[in-house]
Amino acid sequence: MTGSNWKVSLKNLFKPARKRSILALLAIGILLGLGGLFAFEATMHATSTDEFCVSCHEQRDNSLVMLQATSHYQNASGMSASCSDCHVPHQFLPKMIRKLQASREVWAHLRGVIDTPEKYAAHASAMKAREIARIRANDSRECRNCHDVGLMDASAQSAKARQYHLAMAGSGKTCIDCHAGLAHDPADMPGASVAAVDVLADDHEKRGQCSTCHTSAGGPQDDNLTHENAQCTSCHGNLGAIAALEPENEVSPHESHFIGDIACTTCHKGHEKSVTYCEACHSFDFEMPFGGPWQREEKSIMAEAALQQEAIANGWRDETDVVVVGSGGAGLAAAVAARDEGAAVIVLEKEPVPGGNTKLAAGGMNAAETTSQQKLGIVDHKQSMIDDTMKGGHDINDPALVAVLANQSAASIEWLTSLGADMTDVGRMGGASVDRSHRPAGGAGVGAHVAQVLWDNALSRGATVRFNSRVVRLLQNDSGDVTGVLVKGAHTGYYTIKAAAVVLATGGFARNNPLVASLDENLEGFENTNQPGATGDGLEVARLAGAATRDLAYIQAHPTYSPVGGVLVTEAVRGNGAILVNRSGLRFVNEITTRDEAAAAILAQEGGRAYLVFDDDVRHSLSKIESFVHLKIVIEEGSVEALAEKIDVPPAELVQTLETYNGFVASGRDSDFERPDLPRELVTGPYYAIEITPAVHHTMGGVRINSQGGVIGESGEPIIGLFAAGEATGGVHGSNRLGGNAVSEIITFGRLAGAEAAAYAEKQ
Ligand code: FAD
Ligand code: MEZ
C-alpha cells in the first residue's frame, strides 16, 4: 500500500455510514470482552490453590502468557482459586483462552509476548525442561502425590509396571528420571522410555548412563560382576530394601531361600534379555522389566576348542593351593575344611548364585548316635544306619564308603553345630528304622540353613568364590597328575588356574534330561527337582582326565513333586504324618517306604498323580510346610468332605480312609500297608491336600572315589591331586538313595576331601 492510498482508506473509514458499522463492531467487541471476562471470572471459583502451578509460576513473576497485572493473581492468592481450573497442567495451553473464544496466538498477541506458533513451541519446550528440572529437584513429590509407589499394587498398573516401580522405589531415582515425557495422558504414561528398549543396557545408554554400570576401563573386570552389581545397589538399594517394599501377600522375586547376597545381575542382565532366575525352578509369572522367558543353553564343554587351546597356551593366569569346583554343600564344606588346614582356596561356581542343589534340600540330614537324638530319647546305632543304607541301595553300595558315611555322621552334625548350625529337630525319612533326619528346630528346610552356615564360614575364613565360572577341563602334567583347571568365565573368557589340588564337587545331573534319558529311557521328558547347574559337567570333566565312574544308570525319582508349583514337597511331610491318596480317595502304599517303591506306586495310580493329605497338626509340626502354603500349592478346607470335593475325590471314601488310618494310629499297626511309623491321627481341621507326581531327583552314580575322597582312575589307581565329594561321586547310595543321606554325604565327604586336598597341597 502506498502512502496516499493509506490516507484515502483512513478517510473512508470515518465516513458516517461506516462509523455506524465500526461502532456496532466495537459494541460487539466490548460485549464479547465482558462475556469473556465473566467466563474468566467464573473459572476462579475453585476451592483450593494449586500449589503445583504456583510453585513454578511465581505470583507476579510470570514468564508465561498470564495476566501479570490483573485480578488473576489477586484471585489466586486472595480467593484460593485453583490454577488448574483454567490451565491444563503440563500442556501449557490455557483453557481460559478457549473460554475467551480466542486462539492462543491472539491471546499471546494481546500481551505481545508469544505471537507465533514457533515462539509458542519454543516456549513450551523451555517450560517443559524447567519443569523436569524442578520436579527432579523436589524428588518428584507431586508425581508421588497421585502415583504413590505404595499404591501401585492397588492401582490399575500392569504386573510389569508394578514390579518395576517397586524395584525402583528404594533407588533414590525420582519419577521424572524415567517418565520424562511428563505426559498426563494415561495412554502415553507407562514409561514410554522404559518400554521402548529391549535390554537394560539400552535403557541406561539412552539416558547416557553407561558409566552407571561399568568402570571407565570398559566392560566387566571380573566374573562376579563386582563393580556392576555395586552400581545396581548403589542406585536401587539392595535386595532386602527392595523386597521390603513389596506387598506382603505376594511372592516376592527379591526374597528367596538362596544363600549369600544375591547379585542383581543374576536376573537383571545388561546386554541380553533379563530373566527371573527363580523361574528356572518355580512356576511364578513375575514380569521382569526388559525380561524374557527363562532359558539357557549351555555349550558342550568341548566346544570352543581353539579358544581353550589359546588360553592354555597363554600359561597360568592365577595360582592357588586348592581349587574347589562347585559351591554346593560338598564344595563349601571342602573349602572350609581346606582353609582350616591353612590352604589358599578358590571356589569356582558356574551359576551366578552359590549353593547348588544343597540350598534346596528340605527334609533333613541323616546321622546316627547324635546328641540331638539322645536329647529326644531316640536310640540309634551307626550300624543301623549302615544297614538301612545298604538295604535301601539294594546292597550294591560301596561298603567302605557307607561305613564312612554312618560312622562320621554324628561328627559331621557336631562340626556343623560348631560352625553355627542348628540341627536339633529330628524326624523320620523313608527307609530309616528310626528318626535320624536332622534339621533346624521347628522343621525348617535343612539345605538353605546348612548352605548359609557353610557359606558364611567359607567367606569368613577367606575362601575366594568366583561365580559365572565354569570349569571345562582338568589340566594335568605328563604323569597324569592334576595341576590346575581351565575355566570359562562368562564375562572374562577362558583362563587357567594353577592348583596343587582340585576338589570336584559339581553335583549330579538330574537337570540334564537328555543324559538322564540316555541312561534310563523310562525317565525321558520327566520333570525334575534340581537347580539349573545340575547338568553333570563334573562327570565329563573327570572322565576326560581319566577318572572311572560307576552306577550312572541308577537315577532316582522323588515321589512327591508338585506339578503346580514346580517344587519338591519334602518327604518330611509324610514323615510327620501325611498320607497319600489316589483319585478314588484311597491309600495305596506305605507312605514312608523307600523312594523307588513310593514313586512306582504313585505312577501306577490314575494319571500318575496322587494327593498328600494332612491335618493342621501336621502343618504346625513342620515349618517347611509354610513355604508350600506361601507358594499356593496347598489346598485348604475346613472339613474332610469339603477337601474331598475341592480335589474331586469321593467325599465318603476320603472320610472312610482317614477314619481307618486314624484307627491304625490308635492301635499302633497299619494292617493295610504296614507303615512302620504312625506319628499322629489326622483329626484336627483345617485339612490340607497337595497334588503330587514323581520327578527326577537324584543321580546315584558318579565318579569313583576311595574312602579318603581321592578320585580313582580307569586304571584303578588314584589320580594324584584330584579329590571329589557329594553327588558328583558314586558308590555311597548304591542303586537307591535314602532320604536324608545326601546331605549327610556332602558334609562328611566334603570336609574329608577338603582336608585331604589341603594336606596334599601342603606337601607339594
Ligand atoms: P550341589 O549342591 O548340587 O552343588 C554342585 C555345584 O556345582 C552347583 O552349584 C553347580 O552349579 C556347580 N557346578 C556344576 N558344574 C560345574 C562346573 N563345570 N564348573 C563350576 N561349577 C559347577 N538330600 C538330603 O539328604 N536331604 C534332603 O532333605 C534333600 N532335599 C533335597 C531337595 C531338593 C529339592 C533337591 C534337589 C535335593 C535334595 N536332596 C536332599 C539332595 C541333596 O540336596 C543333594 O544331593 C546335595 O545337596 C548335593 O550336594 P553337592 O554339593 O554334591 O552338589
Ligand atoms: O534326601 C532327600 O532328597 C530328601 C529328604 C528330600 C525331601 O523329601 O526332603
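This is a predicted model: local features need pLDDT of at least 70, side-chain atom pairs count only at pLDDT 80 or more; totals for chains, interfaces and linings use all residues.
Ligand 2 comes first. Its shell takes in Ala362, Gly363, Met429, His558, Leu568, Thr570, Glu571, Arg595, His697, Arg737, Gly739 and Gly740. Sorted by class, that shell has three nonpolar, six polar and three charged residues. On the side-chain end, an N or O atom of Arg595 sits 2.9 Å from an oxygen of ligand 2, and for His697 the corresponding distance is 2.7 Å. Taken alone, ligand 2 would expose 270 Å², and the protein buries 93% of that.

Next up is an open sheet of three strands, arranged in the order E5-E7-E6 with antiparallel pairing. Strands E5 (365–366) and E6 (425–427) are the edges, each pairing on one side only. Between E6 and E7 (residues 437–439), the antiparallel pairing runs over three bridges. One of the residues involved is Asp425, whose bridge partner in E7 is Arg439. Asp425 and Arg439 also form a salt bridge, with their closest N and O atoms 2.8 Å apart. That links strand E6 to strand E7 across 14 residues of the chain. Arg439 counts as buried because its relative accessibility is 2%, which falls under the 20% cut-off.

The structure holds 26 salt bridges, and a few others are worth a look. Arg436 and Asp388 meet through their side chains, at 2.8 Å from N to O. Here the partners are 48 residues apart: Arg436 is in the loop between E6 and E7, while Asp388 belongs to helix H18 (residues 382–392). Both ends are buried, Arg436 with a relative accessible area of 2% and Asp388 with 11%.

Another salt bridge joins Arg583 and Glu691, whose closest N and O atoms are 2.9 Å apart. Arg583 lies in the loop between strand E15 (579–581) and helix H24 (595–603), and Glu691 lies in strand E18 (residues 687–699), so the pair ties together parts 108 residues apart in sequence. The two ends fall into separate accessibility classes: Arg583 is partly exposed at 26%, whereas Glu691 is buried at 16%. Finally, salt bridges also link up into a network, made of Glu298, Lys350, Arg470 and Asp537.

Notes: Residues are numbered from 1 along each chain as its sequence is written. Chains are lettered from A and ligands numbered from 1 in the order in which they are written. Side-chain values use heavy atoms; hydrogens and water are left out. A residue is near a molecule or strand if one of its heavy atoms lies within 4 Å of it. A polar contact is a pair of N or O atoms within 3.5 Å; within protein, one must be able to donate a hydrogen and the other to accept it, and residues adjacent in sequence count only if both atoms are side-chain atoms. Accessible areas come from the Shrake-Rupley method with a 1.4 Å probe; for residues, only the protein chains shown count as cover. Ala, Val, Leu, Ile, Met, Phe, Trp, Tyr, Cys and Pro count as nonpolar, Asp, Glu, Lys and Arg as charged, and the others, Gly among them, as polar. Two strands pair if DSSP finds at least two bridges between them. Helices (H or I, at least four residues) and strands (E, at least two) are DSSP runs, numbered from the N terminus. A salt bridge is a side-chain nitrogen of Lys or Arg within 4 Å of a carboxyl oxygen of Asp or Glu. Buried means under 20% relative accessible area, exposed over 50%, partly exposed in between (1.4 Å probe, protein chains only).
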